[in-house]
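Here is a short briefing to read alongside the sequence and the 3D view. Keep both open as you go.

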Amino acid sequence: MTATWLRWTPAVAVPAVIAAGVLAGSLPASARDPLPEKTPAQVLAMIGQHQAKSFSGTLEQSSELGLPDVPQVGPTSGAGTGSLAELLTGPHSARVYVDGATKARIQVMDRMAERDAVRQGNEVWLYNSKDNTATHLTLPAMPSKESRSHDMPAGVATPEELAAKMLDKLDSSTEVAVAADTEVAGRAAYNLVLTPRSDVTLVGSVAVAVDGENGMPLSVEVRARGQQEPAFRTAFSNLTLGAPDASLFNFSPPPGASVKELAVPATGHKKDMADKNRADKNWDHKDLRGHAPTVTGTGWERIVGIPAPSASAPSASPESGRQSVDKLLNDPLLRQATVTVQGGRAISTSLVNVLLTDDGRTFVGSVPLERLQAAAAAK
C-alpha cells in the first residue's frame with residue numbers, strides 16, 4: 001500500500017479496470033453429483049448472502065494478456081506492492097488468511113521473494129523481502145459495511161473481491177446464465193457466466209464459481225473475445241473454512257528492515273469532502289469536477305479518463321502530467337509494452353487498452369484503441 005494505491009493514477013489503471021469487469025471465461029465441468037438447480041438470480045442471491053467470513057487457503061493467479069514476459073529489474077514500486085507489470089504477467093501464488101472484516105494476511109510468493117500484507121484492525125503492514133522494506137499505516141475509521149479485510153494492495157485479489165466489483169455493475173448490457181456445475185478446491189460450485197451483449201468490447205465472457213454450499217466465490221476466470229484459453233484466472237487451489245490462528249495477524253518488521261510510516265488522509269466521507277471544499281477556496285465547482293476520473297460509454301464499452309495532474313490540481317506544474325506518464329514507464333515491462341500511437345503511447349492487452357496521451361492524461365477501457373483515441377480527442 002503505497003501513495004500510488006491511495007489515489008487514482010495511471011499506475012493502477014490497468015488492474016482497476018480488470019477488477020471492475022474485464023474478467024471472463026468458463027470452468028470445467030465437475031465429476032461430482034449435480035448441485036440442486038438454481039436460476040442466475042438465485043446464485044446471485046447466494047453470493048450476496050454468504051456468511052463465510054473467516055477462512056484460509058491458497059490462491060493461484062495466472063495472466064495471459066499478451067504482455068511481454070521480461071524479468072523485473074530495478075526497484076519495485078514500494079514495499080508490499082511489487083511491479084505492476086509483474087503482477088499482470090505469469091503465474092502468482094498467495095496464501096490468504098481472513099478472519100472477519102478487519103483481520104487479514106496475504107502472502108504473495110514472487111519469483112525470488114515474498115510480499116506480505118497484514119491487517120489487524122485499522123493497522124496495516126506491507127513487507128517486501130526482496131529489499132527488506134516495510135511500510136506501516138493506520139487506516140481511517142469507516143463504517144463496518146465499508147471495511148473489507150482482504151481488500152488490500154497485495155497484488156493478488158480474492159475471487160470474492162473481484163466478483164463483487166463485477167457484479168455491482170451488472171446491467172442490461174450483460175447476459176447472465178448458470179452453466180454446468182464445476183469444482184474448485186475440492187468444493188462443488190455453481191458456474192455463473194456473464195456474457196457481454198456488446199460486439200465492441202474485448203471481453204468474451206466472465207465466469208464466477210460460486211460455492212454450492214455457502215455462496216462464497218471460489219474462482220473468477222477470463223476469456224478474451226475470440227480466444228480459447230483464459231486470459232486471466234484467480235482461484236483457490238485449497239480452502240479451509242473457519243478462523244485462522246490469531247497469531248497470523250501479528251506482524252513485526254524483521255531485524256534490519258527499513259520501515260516507512262505512511263500517513264493516510266481520511267477522505268471519502270461526505271463530511272470530509274465538505275470540509276475540504278470549504279477549506280480550499282482556490283477550487284470552484286468546475287475544478288472539483290475536473291479532479292475526478294471521467295467515464296464515457298456504458299456497460300462493457302465504458303472508457304475511464306484520468307486527468308493529468310495539472311488539470312486537476314491548481315498547484316501542479318504544467319509538466320506534471322508528462323512526468324506522471326514518465327514515472328509509470330519506469331517499470332521496464334510496461335515501458336517495453338508501450339508503442340507510439342497518434343496522440344501518445346499505448347499499452348494493449350487482450351482484455352484492455354490503455355492510452356497515455358502526450359499531455360499526461362490516461363484513458364482505459366476494454367475497447368479497441370481507436371475508441372480511446374476518440375475519447376481523448378473529444379476532451
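The model is predicted.

**The 12-strand sheet**
- An open sheet is built from 12 strands, with mixed pairing. The strand order is β7-β8-β9-β10-β11-β1-β2-β3-β4-β5-β6-β12.
- β7 (174–184) and β12 (258–262) are the edge strands, and each of them pairs on one side only.
- On average, neighbouring strands of this sheet are turned by 15° against each other, direction ignored.
- Inside the sheet, β3 (residues 103–109) and β4 (residues 114–120) run antiparallel and are joined by seven bridges. Arg 105 stands opposite Val 118 of β4.

**Helices on the sheet**
- Helix α2 (residues 40–49) lies across β7, β8 (187–196), β9 (203–211) and β10 (217–224). Its direction is at about 115° to β8.
- Helix α4 (residues 159–167) also packs on the sheet. It touches β1 (54–63), β8, β9, β10 and β11 (232–241). The direction of α4 makes about 60° with that of β10.

**Aromatic pairs**
- How many aromatic pairs does a search of the whole structure find? The search finds three.
- Phe 55 and Phe 236 form an edge-to-face pair, because their planes stand at 90°; the ring centres are 5.9 Å apart.
- This pair links distant parts of the chain. Phe 55 is in strand β1 and Phe 236 in strand β11, 181 residues apart.
- The cut-off for buried is under 20%.
- Trp 125 and Phe 251 make a tilted pair, with 5.6 Å from centre to centre and 45° between the planes.
- Trp 125 lies in strand β5 (residues 123–128), and Phe 251 in the loop between β11 and β12. They are 126 residues apart, so to speak a link between distant parts of the chain.
- Both Trp 125 and Phe 251 are buried. Ring pairs join Trp 125, Tyr 127 and Phe 251 into a cluster.

**Helix α10**
- Which residues of helix α10 (residues 369–378) are buried? They are Leu 369, Leu 372, Ala 375 and Ala 376.
- Why do they share a side of α10? They cover an arc of only 120° around the axis, which puts them on the same side.
- In general, an α-helix has 3.6 residues a turn, so residues three or four places apart point the same way.
- The face turned away from the buried side of α10 carries the exposed residues Glu 370, Ala 377 and Ala 378.

**Strand β18 and its partners**
- β14 and β18 run antiparallel, joined by four bridges. Gly 305 has Phe 363 of β18 as its bridge partner.
- β17 and β18 also run antiparallel, with four bridges between them. Here Leu 355 has Phe 363 of β18 as its bridge partner.
- β17 and β18 form a hairpin with four residues between them. In the turn, Gly 360 has a positive phi of about 95°.
- Thr 362 and Val 364 point one way from β18, Phe 363 and Gly 365 the other way. All of them are buried.
- In a regular strand, side chains alternate between the two faces of the sheet.

Notes. Residues numbered from 1 in each chain as written. Predicted model: local features only at pLDDT ≥ 70, side-chain atom pairs only at ≥ 80, totals over all residues. Heavy atoms only, no water. Buried < 20%, exposed > 50% of the residue type's maximum accessible area, 1.4 Å probe, protein only. Helix = DSSP H or I, 4+ residues; strand = E, 2+ residues; numbered from the N terminus. Arc of directions from axis to C-beta. Pairing = 2+ DSSP bridges. Axes fitted to C-alpha atoms, helices over the stretch in contact; angles between N-to-C directions. Contact = heavy atoms within 4.5 Å. Phe/Tyr/Trp six-rings, centres within 6.5 Å; stacked < 30°, edge-to-face > 60°.
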